[in-house]
Amino acid sequence: MNYKNTYLVSVIAAVGMVYIPSLQANTNWMMATGYPDDSFFTQNLREFVEEVEENSDGRITIDMRSNGTLVSHDEIKRSVQRGVVQLGEVRLGAYSNEHPVFRIDSLPGLATTYEEGYRLNELLQPYYEEVMAEQGILPLAYVSWPGQGFFADKPIESTDDIDGMSIRIYSQPTQQMAQELGFNATILPFSEVPQAFSTNMIDSLFTSAQTGIDVQVWDYVDHFTYTGTMHNINALIINPAALDSLDDELQQVVSEAARNAHERGWEMSQKRSTDNNDVLEEHGVTVSQAPDELQAAINDVGEEILAEWRQDASDEANQIIDTYVEWRDSAE
């Protein structure tokens, strides 16, 4: 799928609003991400940094630190809000307790393909920006995670295979989904997954193949049952005051690099989704597609969770979902 030429018009407008005339000192920014260097998210951000530095002729330099070495993954959003670092990448679903909009990308069965995920994100971008502006941050780009699935020491083919298993999930909707399917579900940050396996706190994961590779899941389990289910979103965010300190020309440099990171990131994610299965199999993990019975059970739970979400969400958010569902259903 070609994701180009459909990116955020509103972000381009936002970064062009403030004009600070002419000569200014070189700008040195700090940027934090919680993912390792071999993650496609980190690789995409490296290209963003290189483009900003090159196209600004060195007037902007960005010291990017990966793998939580500068700021822990859970503290990145707060650090950008406070201006401790100027830029960071966050998974929006990690903040689902702050606002219903941050739960949308974790709703099971709502967007199960890249095309659906991209369209849903496209519709949500103005609303994301509105909510995050109130929190003192500005999103510059959005990138999808690959689709999800179950990592376990056996294939998960039906809810009968789930009874009594302990699973790590990462959001309120995935916790509810896992519990209703029959798992004992625990929300844990990415960084605590290896220890949780080692101490027998969990014996399975619901996540993407990318996360499985990032935590070397083959040290603990040897099956991955792919379900699709959802395409979670990471956002590249910036402190607005940092952006406003740039003149108009440099703001456009950042804007263009963010546009490219957005487009490139979705393409990288889709390619990595295919490549990741090969990596898992090379490390002894058996990859299989979830059977219809399991998919139906997930979709049934997803419909319940969506109905509950609608009760908490604003009229604006519900209208966005209505527009998206109408588009999705007409495309089937």
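**Confidence.** Where pLDDT is low, the predicted coordinates should not be read in detail.

**Ground rules.** This is a predicted model, so I kept in mind that local features need pLDDT of at least 70, side-chain atom pairs count only at pLDDT 80 or more, and totals for chains, interfaces and linings use all residues. Residues are numbered from 1 along each chain as its sequence is written, and side-chain values use heavy atoms, without hydrogens and water.

**The sheet.** I traced an open sheet of six strands with mixed pairing, in the order β7-β6-β8-β5-β9-β11. Its edge strands, β7 (184-187) and β11 (286-289), each pair on one side only. Strands here are DSSP runs of E, at least two residues, and helices are runs of H or I, at least four, numbered from the N terminus; two strands pair if DSSP finds at least two bridges between them. I then followed β5 (residues 148-152), which runs antiparallel to β8 (residues 204-208) and is joined to β8 by four bridges. G149 has T207 in β8 as its bridge partner.

**Two asparagines.** I looked up N67, in the loop between β2 (60-65) and α3 (76-82), and found a positive phi near 60 degrees. N200, in the loop between α6 (193-198) and β8, has a positive phi near 65 degrees.
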